[in-house]
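I hope they are handy while you have it open.

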Amino acid sequence: MSAAFHFHALTPDTILDAIESVGIYPETGLMPLNSFENRVYQFRCDRGNRYVTKFYRPERWSDEQIREEHRFAFELADAEIPLAAPVVLDGESLFQFSGFRFALFPSIGGRAFEMDNLDQLEAVGHFIGRLHQVGKGGQFIARETLTAAMAAEALAELLASTHVPEALHRDFAAAGQALANAIEQAWISTTSLRLHGDLHPGNILWTPDGPGFVDLDDASCGPAVQDLWMMLAGDDHERRIQLDTLLGAYEEFCDFDMKELALIEPLRGLRMLRHMAWISRRWQDPAFPMHFPWFADEAYWQRQIRDMQAQVVQITQPPLRLQPF
C-alpha cells in the first residue's frame, strides 16, 4: 500500500482524534504548514499553548530512526541550542493513532532568515558550531550516512522510473552517470558526525533571540560541511565573504577541517540527483504534481541535463577557499 494512499486517510477528524488521544485538546482549527514529506499542522490548545503536530510519512522512517531524531533533538535542547524539540507526554515523544505515527512540538514564531545579512549569518555560524559540538558526541545507528554511492543510487532510481522522457533518456543517463562518477572521484574521507542534514535557509527561523532551527526530519551522519554549504549564495567573491563569516563564527565552538571545502560541489551534485529522485518517488502523492507540475515537462529534463553537465565542470574546479586578506 502506498504512502500516498495512507495520507488520503489522514482526515481532519483523524488528526484531531489523534491529538486528543494524547490529552491535548485543540481550541483552534488546524493550520497546515509547508511540508511535502510529512503532514504538519499548527494549532492552539484549550490551555492557550501553541503546538505544531507532525504526522510522519508512512513507510519512510522506521520507529527507531524517528526516535534517534528525537533523542538528538533532546540533546540539542539540553545544550540550550534553540530548536523545536518534541513534546514528551508520559515518557513518550512518538505517538501512534489509527496507523499513523505523529509527534507534537512547541510552535516557534519567527521570520525568514536573511541569507545576505552577514550579522544573521554570523549568528547562524555560532549555532551550527554548537549543534556540531553536540553532534560529535555520538553517532546515529539507524539513520543514514551520506556517501558518494547515493548519487548512483538516485540515478538508478530515476532511470528505472517512467519520468525521464524517452527521447531524453540516453542523454539524461549519460549526464547523470558523468555526475555520479565526478562525485565519486571527488569524494574525500572525513570525520562523520551527526548533522541537521538539510540545513537550508528555509529551515531557519529568525526570532527576537536569534536563529531557531526547525525540522530534524533529515538528520543524518556525514561531513560537517553538509550543514554549511547551503548557506552560501552568489558569485565566488560573495560566497568567500559568506564562508569567512560563517566559519569564523562556527570555529568559536567547533573545529572545522578545511579540506571538507572540497566536498561543497560534490554535495551540491548529490543534492541535485537526490532531489529529482525524491520527487519521482513521491509522484503518486497528489501534493507533488500540484506543487511540482514542471516535473512532467520535457523542458525540465532538458534543463537538468544541462545543469548536471555544468555541475561536473564545477566539481573539477578548485574548491572554494576563504576570502584572502
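Which residues does Trp 301 touch, not counting residues up to four places away in sequence? The points below start there.

1. Trp 301 touches Leu 158, His 163, Val 164, Pro 165, Leu 168, Phe 172, Met 276 and Phe 295, where contact means heavy atoms within 4.5 Å. Before going on, please keep in mind that this is a predicted model, in which local features need pLDDT of at least 70 and side-chain atom pairs count only at pLDDT 80 or more, while totals for chains, interfaces and linings use all residues. Residues are numbered from 1 along each chain as its sequence is written, and side-chain values use heavy atoms, with hydrogens and water left out.

2. Together with Phe 172, Trp 301 has the most contacts inside the largest nonpolar core, which has 75 residues. Helix α8 (residues 264-281) gives the most to this core, namely nine residues. Another core, of 17 residues, lies apart from it, with Ile 19, Ile 24, Tyr 51 and Phe 55 among its members. A nonpolar core here is a set of buried Ala, Val, Leu, Ile, Met, Phe, Trp, Tyr and Cys residues joined through side-chain atoms within 4.5 Å. Buried means under 20% relative accessible area, exposed over 50%, and partly exposed in between (1.4 Å probe, protein chains only). Helices (H or I, at least four residues) and strands (E, at least two) are DSSP runs, numbered from the N terminus.

3. Helix α7 (residues 236-250) has 15 residues and should span 21 Å at 1.5 Å a residue, and its end C-alpha atoms are 20 Å apart, which agrees. The expected span is 1.5 Å times one less than the number of residues. At the start of α7, the backbone nitrogen of His 237 has a side-chain oxygen of Asp 235 within 3.2 Å.

4. Which residues of α7 are buried? They are Arg 239, Gln 242, Leu 243, Thr 245, Leu 246, Leu 247, Ala 249 and Tyr 250. Their cover includes α4 (118-135), α8 and α10 (298-316). Thr 245 counts as buried because its relative accessibility is 17%. Leaving out residues up to four places away in sequence, Thr 245 touches Leu 118, Leu 121 and Glu 122.

5. The second largest pocket has a volume of about 230 Å³. Of its 16 lining residues, Glu 265, Gln 317, Pro 318, Pro 319 and Leu 320 are the closest to its centre. The elements giving two or more residues to this lining are α7, α8 and α10. On a 1 Å grid over the protein atoms alone, a pocket is an open set of points where a 1.4 Å probe fits, with protein on both sides within 12 Å along at least five of seven lines; lining residues have an atom within 4 Å of a point. Grid points are joined across faces, edges and corners, and the volume is the space filled by probe spheres set on the points.

6. Ser 107 sits in the loop between β5 (100-106) and β6 (111-112), and at 15% relative accessibility Ser 107 counts as buried. Its side chain makes a polar contact of 2.8 Å with that of Gln 42. A polar contact is a pair of N or O atoms within 3.5 Å; within protein, one must be able to donate a hydrogen and the other to accept it, and residues adjacent in sequence count only if both atoms are side-chain atoms. Neighbours within four places in sequence aside, Ser 107 is in contact with Gln 42, Arg 50, Tyr 51 and Val 52.
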